[in-house]
Every structure is written in C-alpha cells, then in structure tokens.
Amino acid sequence: MKVVPWFADLAYLVNGIIPVEFSLYQRKKLKRDCEDYYWDEPYLFRICTDGVTRRCVPKEEQGEILRACHSSPYGGQHGGARTTAKVLSCGFFCPNLYKDASDLVKRCDECQRAGGISKKNEIPLTTILEIDIFDVWGINFMGSFVSSCGNTYILVTVDYVSK
C-alpha cells in the first residue's frame with residue numbers, strides 16, 4: 001500500500017489538476033489553500049508568512065527531522081518551541097509542526113528526567129554595582145609610635161576598589 005503525503009491534494013492543484021470528484025466548495029478551498037505553495041520537481045515548497053520558502057515534508061520524514069533537531073549532539077534537548085524554530089530554520093515545513101514538536105518533548109525520556117527549574121527553586125538575581133577606582137576611600141590614623149623625624153602618627157588611606 002502506497003502512503004500518500006499530506007500535501008498530495010496541493011500537489012495536484014499546483015500542477016493545474018483538480019480531482020474531478022471534488023465538490024465546488026472543496027475546489028474553492030483547495031485553490032485558496034494552494035496560493036502559498038509551488039511545485040519544483042520532486043518537492044513541494046511553501047512561502048511562509050515570514051517570507052521564507054520552506055520544503056514541505058511528508059509525515060514519514062517529519063519524525064526523523066524533529067528528532068535530529070531536538071536531540072542533536074551539538075546542542076539539543078530544547079523545548080517544543082525551540083525545536084520548532086530549529087526545524088523552520090533548517091528550511092522544512094509541515095502543518096502540525098508545533099504540536100508534533102511539543103509531543104516529542106513530552107515523550108523524550110531525557111527531557112522528562114531533567115525537568116525545569118521552578119520559580120520556587122530559582123535564585124534571585126542581584127545587580128552588580130559598578131564602581132570606579134578611587135570612588136570609595138578609607139582613612140585611618142595609626143599611632144602613637146616612636147618619633148621619627150618628629151612624627152609620631154601615620155595617616156593611612158586605602159582605595160577599597162583597587163586595594
């Protein structure tokens with residue numbers, strides 16, 4: 001049994017062929033759906049809303065592409081939205097991409113074991129105070145010492161930034 005890809009109807013219309021068994025409503029809907037697609041043998045491409053042209057992939061290839069973008073050795077195991085962004089940046093399109101990526105992350109054993117940091121466990125952020133050299137000084141008197149050239153006290157000044 002030959003598996004027909006999800007974009008089979010669109011491929012017909014892009015080639016100028018409308019199936020005879022379609023009703024008038026189905027023909028109009030198919031024409032409206034095909035406005036952003038074009039056929040370049042052997043692939044169907046879609047011009048997405050961001051203006052980028054992406055290749056439409058059949059259902060059999062979607063799982064492999066999603067796994068490659070989610071579990072890549074050079075930085076993976078991201079959430080559903082980030083995995084979807086990676087797939088789109090690779091130039092692929094499928095209609096249920098967001099849902100499929102989210103489902104993949106939910107089924108990923110490694111992601112489920114790692115989990116996320118909850119708000120309760122987050123460490124609060126503190127800002128780093130920027131101070132220039134000689135902004136903060138410390139002055140202190142030391143003494144009384146044995147007289148040296150008539151001086152018995154020492155005035156000590158310290159710049160607390162540079163020490």
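Analyst: Before we start, a helix here is a DSSP run of at least four residues, H or I, and helices are numbered from the N terminus. Keep in mind that this is a predicted model. In helix H5, Asp103 and Lys99 are 4 residues apart, about one turn of the helix.

User: Thanks! What do Asp103 and Lys99 form?

Analyst: In general, an α-helix has 3.6 residues a turn, so residues three or four places apart point the same way. In this case, Asp103 and Lys99 form a salt bridge, with their closest N and O atoms 3.1 Å apart. Asp103 counts as partly exposed at 24% relative accessibility, while Lys99 counts as exposed at 52%.

User: How do I read the two faces of H5? Which of its residues are buried?

Analyst: Look for buried positions and see where they sit around the axis. In H5 (residues 97-107), the buried ones are Leu97, Asp100, Ala101, Leu104 and Val105. Because they cover an arc of only 135 degrees around the axis, they fall on the same side of H5. On the other side, Tyr98, Lys99, Lys106 and Arg107 are exposed.

User: Which helices do the buried residues of H5 pack against?

Analyst: Helix H3 (59-70), helix H4 (80-89) and helix H6 (109-114) are their packing partners.

User: And the nonpolar core: how many residues does the largest one have?

Analyst: The general idea first: in soluble globular proteins, nonpolar side chains tend to be buried together. Here the largest nonpolar core has 11 residues, among them Val57, Ile65, Leu66, Val87, Leu88 and Phe92. H3, H4 and H5 each supply at least two residues of this core. A second, separate core has 6 residues, including Phe7, Leu44, Cys48 and Phe93.

User: Back to charges. How many salt bridges does the structure hold?

Analyst: It holds 4 salt bridges. Lys59 and Asp100 form one of them, with closest N and O atoms 3.4 Å apart. This pair links distant parts of the chain, since Lys59 is in helix H3 and Asp100 in helix H5, 41 residues apart. Lys59 is partly exposed, at 48% relative accessible area, whereas Asp100 counts as buried at 14%. Another salt bridge joins the side chains of Arg54 and Asp50, at 3.0 Å from N to O. Arg54 is buried, with a relative accessible area of 7%, and Asp50 is partly exposed at 49%.

User: What about Arg46: is it buried or exposed?

Analyst: Arg46 is buried yet has no salt bridge. A salt bridge needs the nitrogen and the carboxyl oxygen within 4 Å, and the nearest side chain of opposite charge, Asp36, is 4.3 Å away. Arg46 lies in strand S2 (residues 43-47). Beyond its neighbours within four places in sequence, its contacts include Asp36, Tyr37, Arg54 and Phe93.

User: Last one: how many disulfides does the structure hold?

Analyst: There are 0 disulfides. For Cys69, the nearest cysteine sulfur is that of Cys90, 4.1 Å away, and a disulfide needs the two sulfur atoms within 2.5 Å. Cys69 counts as buried at 9% relative accessibility, while Cys90 is partly exposed, with a relative accessible area of 47%.

Methods:
Residues numbered from 1 in each chain as written. Predicted model: local features only at pLDDT ≥ 70, side-chain atom pairs only at ≥ 80, totals over all residues. Heavy atoms only, no water. Buried < 20%, exposed > 50% of the residue type's maximum accessible area, 1.4 Å probe, protein only. Lys, Arg positive; Asp, Glu negative; His and termini not counted. Contact = heavy atoms within 4.5 Å. Arc of directions from axis to C-beta. Core = buried A, V, L, I, M, F, W, Y, C linked by side-chain atoms within 4.5 Å.
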